[in-house]
Amino acid sequence: MKQVEMFTDGACSGNPGAGGWGCILRYRGQEKELSGGAAETTNNRMEMTAVIMGLRQLKEACAVRICTDSKYVVEGVTKWLNGWQARGWRRADKKPVLNVDLWQEMSDLLARHEVSWIWVKGHAGHPENERADALAVAMRDKYRDGNFGGA
């Protein structure tokens, strides 16, 4: 099974507001950078989108180590996801799960791979997290400034 490393981050100006996401995929020393954004979104949606877009790139089952500074994503997958699914995408308090569309897609994509999660503190000098952040911020700024043609 191929071993892939993924580094992700999201950024938002206002919450909601213009947002961007960045993802770095590493396989056998080769890296691929991905990024994108939205004119009106939230930070959590951008964090999730970074993971989803990275997973979409994987054409076969892989062992994936995902490194992110988003506790929302890590805890969502490792602590809450199974319960949400069992309750029909409702939280323990019976309220609907936020960002259910992205959680459902992420769940489907994760099921294809062997995934491990690593949480890192954001803006603490982790090189790949800093690079993913820079990608996300650049896209956030393009969407915030209305300069997103061709991005």
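Valine 77 lies in helix α2, where helices (H or I, at least four residues) and strands (E, at least two) are taken as DSSP runs numbered from the N terminus. The model is a predicted one, in which local features need pLDDT of at least 70 and side-chain atom pairs count only at pLDDT 80 or more, whereas totals for chains, interfaces and linings use all residues. Residues are numbered from 1 along each chain as its sequence is written, and side-chain values use heavy atoms, with hydrogens and water left out.

With a relative accessible area of 15%, valine 77 is buried (under 20% relative accessible area, with exposed meaning over 50% and partly exposed in between, for a 1.4 Å probe and protein chains only). Apart from neighbours within four places in sequence, valine 77 is in contact with Trp103, Met106, Leu110 and Trp117, contact being defined as heavy atoms within 4.5 Å. Serine 107 is 30 residues away from valine 77 in sequence, yet the C-alpha atoms of the two residues are 8.0 Å apart in space.

Serine 70 is placed in the loop between β4 (62-68) and α2 (71-86), and counts as buried at 5% relative accessibility. A polar atom of the serine 70 side chain lies 3.1 Å from the backbone nitrogen of valine 73. When residues up to four places away in sequence are not counted, serine 70 touches Glu47 and Trp119.

Strand β4 is largely enclosed by the rest of the structure, because six of its seven residues are buried. Strands β4 and β1 run parallel and are joined by seven bridges, two strands being regarded as paired if DSSP finds at least two bridges between them. Along this pairing, lysine 2 has cysteine 62 of β4 as its bridge partner, and glutamine 3 stands opposite alanine 63 in β4. Strand β4 is also joined to β5 (residues 114-119), again in the parallel sense, by six bridges, with threonine 68 standing opposite tryptophan 119 in β5.

The pairing of β1 with β2, in contrast, is antiparallel and extends over ten bridges, and the two strands form a hairpin with two residues between them. Methionine 139 is found in helix α4 (residues 127-144) and, at 4% relative accessibility, counts as buried.

The largest pocket has a volume of about 260 Å³. Of the 13 residues that line this pocket, Val4, Leu25, Tyr27, Gln57 and Leu58 are the closest to its centre. On a 1 Å grid over the protein atoms alone, a pocket is an open set of points where a 1.4 Å probe fits, with protein on both sides within 12 Å along at least five of seven lines, and lining residues have an atom within 4 Å of a point. Grid points are joined across faces, edges and corners, and the volume is the space filled by probe spheres set on the points. Strands β1 (2-14), β2 (17-27) and β3 (30-41) each supply at least two residues of the lining. By residue class, the lining of the largest pocket divides into five nonpolar, two polar and six charged residues, where Ala, Val, Leu, Ile, Met, Phe, Trp, Tyr, Cys and Pro count as nonpolar, Asp, Glu, Lys and Arg as charged, and the others, Gly among them, as polar.

Note on methods. A polar contact is a pair of N or O atoms within 3.5 Å; within protein, one must be able to donate a hydrogen and the other to accept it, and residues adjacent in sequence count only if both atoms are side-chain atoms.
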